[in-house]
Amino acid sequence: MTRLRRASAVFVRLDPRSGTPLHRQIYDGVRGAILSGTLAPGVGLPSTRGFAEDLGVSRTTVLLAFGLLRAEGYIVATEASGTFVARELPDALLVAARPPKAEAGYRHPSLSRRGEAIVASPRSGPRIGSRPRPFRIGVPTAPRIAPAPRPFRIGTPAVDLFPVTTWARIAARHLRRITTVMLDYGEPGGHRPLREAIAAHVGVSRGIRCSADQVILVAGAQQGLDFAARMLLDPGDAAWLEEPGYLGARSALVAAGARIVPVPVDAEGLDVAAGVRRAPRARMAYVSPSHQYPLGVALSLERRLALLKWARSASAWILEDDYDSEYRYGCHPLTALHGLDPDGRVVYVGTFSKTLFPALRLGFLIVPEDLVDRFLMARAVADQHPPALEQVLLTDFIVEGHFSRHLRRMRGIYQERLEALLDSARRHAAGALTIRSADSGLQVVAELAPGIRDVAVSAAAAARDVEASPLSLYYLGESLTPGLLLGFASVDAERIERGMRQLVAAIESTRREGKGGP
Ligand SMILES: Cc1ncc(COP(=O)(O)O)c(C=O)c1O
């Protein structure tokens, strides 16, 4: 058996100034030499003592490195005869395990039909990166991390104005005294004090009467939509979706195997009578009644009552998405549809993504009493509950009054930004854009002149560093009015002004280049 003598210094070069710990450098050197063939399978290695002397490090450092190499299968040690390079290397096994893609007839194991449908379903704008390459519905694109907001990103609040110092102070307080609550499995419904704080908050701000038991914490509204759809729909069930509608909801319904029935939205919100005509026996209706996404209209009282009446007679569920209802400017707050529901038909979905920050990934369901136990059992099958620390921090943030204070402050700032957007549109975009329904939420719909393609304008705007989501993206059928969805929350008035000029230039160039037409 060949045994190397004083060879360690040849394949291990230590750099004491590098940030990499010494044992890791030894590990890297030996592993590299094994993988390159410098150290052949079966070759005996110097003793750890010899290695340590060669390299001028402690034996403990070498033992650490050898421990790692042994654990990963690069070397083997026998008590009698020392340490050797393994005859069968883990990397060789890995290479062998890689699919022989090039071989004729090779087929990947396939995704489930559900998996394929999920991958092909459209996702919503803000989280898929900022450059709206011409959107092609149904063509999967891997989500990318969006860079810092540009005007007029939708769906993102002003995260730079979040009171991080307060949040950090609360976090520091809890991290100094970590309790078992933060370390152990918790209730599947979420941290009880947070459920109580949410029940109290929605009672006052959304007119919802519910107990803390009915509040179930989820990782953002998207998980709530996905979870509720899977719990309440069987594959093939018809589900009403607002047309145009929220892509995240559409994807959740697709994931549940639902047959989506688009139901038109007009100035009074979802056209309930049209829904009843198209799919009277649907098992669910997804609605965003306080601020319809994307058109921004509110569901009228008459339609709310009609929807509840239909749900009762059809034994259907209503999935109420109340994503940004806390933002209404200069007009009365609207109560949630849930508050009008006498029969326990409405499953309410709330989120902290718009009121605090989206990376928090905390939202909540408010479920009818008779669903509570079954939903809790199913939460335990899914991810059990969201991380405890964030829930604990959020509880204090709400209970100590920071949440309401932040909301009040942001309402004022968003109202100013909305006015800045309307003002700059008046000054720069008269004739190019008509802004409608601008008294609530975090984005507006800007109609384009008939005949111009919103997808083309969106692409031209992206080239000018402006995000303008094409309205047609949100339709399952054809959209009759071309338009853009413009978010105004995440950048200040100055950037809104610059963004508007760029947007108008994008509209003009689209027209000039004749790409506006169908
Ligand atoms: C209408 C609507 N519903 C739900 C959500 C999802 O929010 P979350 O970040 O809580 O998943 C969004 C986010 O943009 C939204 O616009």
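This text walks through the ligand site of a predicted model and then turns to some features of its backbone. Residues are numbered from 1 along each chain as its sequence is written, and side-chain values use heavy atoms, without hydrogens or water. In this predicted model, local features need pLDDT of at least 70 and side-chain atom pairs count only at pLDDT 80 or more, whereas totals for chains, interfaces and linings use all residues.

The ligand is surrounded by 12 residues (each with a heavy atom within 4 Å of it), and the closest are Ala221, Asp321, Thr351, Ser353 and Lys354. A polar side-chain atom of aspartate 321 lies 2.5 Å from a nitrogen atom of the ligand, while oxygen atoms of the ligand lie 2.5 Å from a polar side-chain atom of threonine 351 and 2.6 Å from one of serine 353. Taken alone, the ligand exposes 400 Å², of which the protein buries 99% (Shrake-Rupley areas, 1.4 Å probe).

Away from the ligand, the backbone deserves a look. Most residues other than glycine have a negative phi, and most peptide bonds are trans. Glutamate 243 and proline 244, however, are joined by a cis peptide bond with omega about 5°, and the bond from tyrosine 293 to proline 294 is also cis, with omega near 10°.

Positive phi values occur at serine 315, near 55°, and at arginine 361, near 50°. Serine 315 counts as partly exposed because its relative accessibility is 48%, and arginine 361 is likewise partly exposed, at 32% (buried is under 20%, exposed over 50%, partly exposed in between, with a 1.4 Å probe and protein chains only).

Definitions and conventions
A polar contact is a pair of N or O atoms within 3.5 Å; within protein, one must be able to donate a hydrogen and the other to accept it, and residues adjacent in sequence count only if both atoms are side-chain atoms.
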